[in-house]
Amino acid sequence: MTLPAEFSLIARHFAPLAAPGSLGLTDDAAVLTPPPGRELVLAADAMVAGVHFLLDDPAETIGRKLLRSNLSDLAAMGATPLAYLLTVGLPRGTPDAWIAAFAAGLALDQQEFGLGVLGGDTVSTPGPIHLSLTILGHVAPGTALTRGGARPGDEIWVSGSIGDGYLGLAVLQGRLPMDAYLADRYRLPQPRLALGLGLVGLARAAMDVSDGLLQDLGHLCRASGCTARIEAAAVPLSAPATALVAADVSLRQKLITGGDDYELLFAAPPEAGSAIEARALEAGVAVTRIGRFAAGEPAVVVVDAAGVERPAGPGGWSHF
């Protein structure tokens, strides 16, 4: 019996990605047994063409960015990846080669990060492309890192470098000269899974930086009931970003309010600093202290190069 077109597409491109428990993507739902003695961690993110990725981005990197942005949420919780569900909304007539490349990108990262697809849905849309992924991970009971644990006196840390995603988008839009490193930082974020696991038992609160450092730090402040005070000059920048800021000092503010960094932002007591640096070294990622939490109303205060405290003000990504 000939498969209907939708199910033929699934069999060609997505069945090879199936995880144990998926029933080969031939049933209405998956059957999943979590690892013994572990709690499930679930997160979901959607991506829309022209909003989260450029219309001419390679299909392979689109699939990888979709998966990696969700993996970054697991990293922020200190969770280990398990599997995911995928919904793909494509305009009619989307070339089969585009779908094959999209699935190939997912396959690459499934192999790298050790997970597979459990199921989902494929639908047609008048456009643009709409993609949604729900990821599942697991943690030891009671160990998940959340946004609400920061305390006055805790240090504020961030992994990697900030602002590369913002600059990478500008590069790909032609607003800055071509820079392959920055373009890759926008298209292929690096989920800090090993670092997230290493922070369990050391960090008191954590989240990933997806909507801009200052905006996301504000989320930690609200959840924890604290004020955050950071030094703008302490925020780590990559070498290309540093060079651009040297030519235009005002760019620094845009880098700390831009999004798409997918670095970890976390709070930890001062006495945990040495252990955090050791765990970061094991994970192969740099970490930087950028400030401290204090008692007070939830707010973010930025100290500029002259030592002047300034409210963070508006900034960061919002869909509404």
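**Entry 1: Glu 309 and Arg 229**

I looked up Glu 309 and found a salt bridge to Arg 229, with the closest N and O atoms 2.7 Å apart. A salt bridge here is a side-chain nitrogen of Lys or Arg within 4 Å of a carboxyl oxygen of Asp or Glu. Glu 309 lies in strand β11 (residues 309–311) and Arg 229 in strand β7 (residues 227–231), so the pair ties together parts that are 80 residues apart in sequence. Helices (H or I, at least four residues) and strands (E, at least two) are DSSP runs, numbered from the N terminus. Glu 309 is partly exposed, at 45% relative accessible area. Arg 229 is partly exposed too, at 38%. I noted the cut-offs: buried is under 20% relative accessible area, exposed is over 50%, and partly exposed is in between (1.4 Å probe, protein chains only).

I also noted that this is a predicted model, where local features need pLDDT of at least 70, side-chain atom pairs count only at pLDDT 80 or more, and totals for chains, interfaces and linings use all residues. Residues are numbered from 1 along each chain as its sequence is written, and side-chain values use heavy atoms, with hydrogens and water left out.

**Entry 2: other salt bridges**

How many salt bridges does a search of the whole structure find? I got 15. In one of them, Arg 192 meets Glu 263 at 2.9 Å, N to O. This pair links distant parts of the chain: Arg 192 sits in the loop between α5 and α6 (193–199), and Glu 263 in strand β8 (residues 263–268), 71 residues apart. Arg 192 is buried at 17%. Glu 263 is buried at 0%.

Next I checked Arg 64, which bridges to Glu 60 at 3.7 Å between the closest N and O atoms. Both lie in helix α2, four residues apart, about one turn of the helix. Arg 64 is buried at 14%, while Glu 60 is partly exposed at 32%.

**Entry 3: Asp 164**

Is Asp 164 buried or exposed? It counts as buried, because its relative accessibility is 0%. Asp 164 lies in helix α4 (residues 164–172). I found a polar contact from its side chain to the side chain of Ser 161, at 2.7 Å. Another polar contact, also 2.7 Å, joins the side chains of Asp 164 and Ser 238. A polar contact is a pair of N or O atoms within 3.5 Å; within protein, one must be able to donate a hydrogen and the other to accept it, and residues adjacent in sequence count only if both atoms are side-chain atoms.

I then looked at the helix itself. The buried residues of α4 pack against α5 (180–187), α8 (239–247) and α9 (251–257). Gly 174 follows α4, and its phi is positive, near 80°.

**Entry 4: the cores**

I looked for nonpolar cores, meaning sets of buried Ala, Val, Leu, Ile, Met, Phe, Trp, Tyr and Cys residues joined through side-chain atoms within 4.5 Å. The largest has 52 residues, and Phe 14, Tyr 84 and Phe 266 are among those that touch the most other members. Helix α2 (residues 59–77) gives the largest share of this core, eight residues. A second, separate core of 24 residues includes Ala 150 and Leu 220.

**Entry 5: Ser 224**

Ser 224 is in helix α7 (residues 213–224). Ser 224 counts as buried, at 15% relative accessibility. A polar atom of its side chain lies 3.0 Å from the backbone nitrogen of Ala 150.

Notes
Contact = heavy atoms within 4.5 Å.
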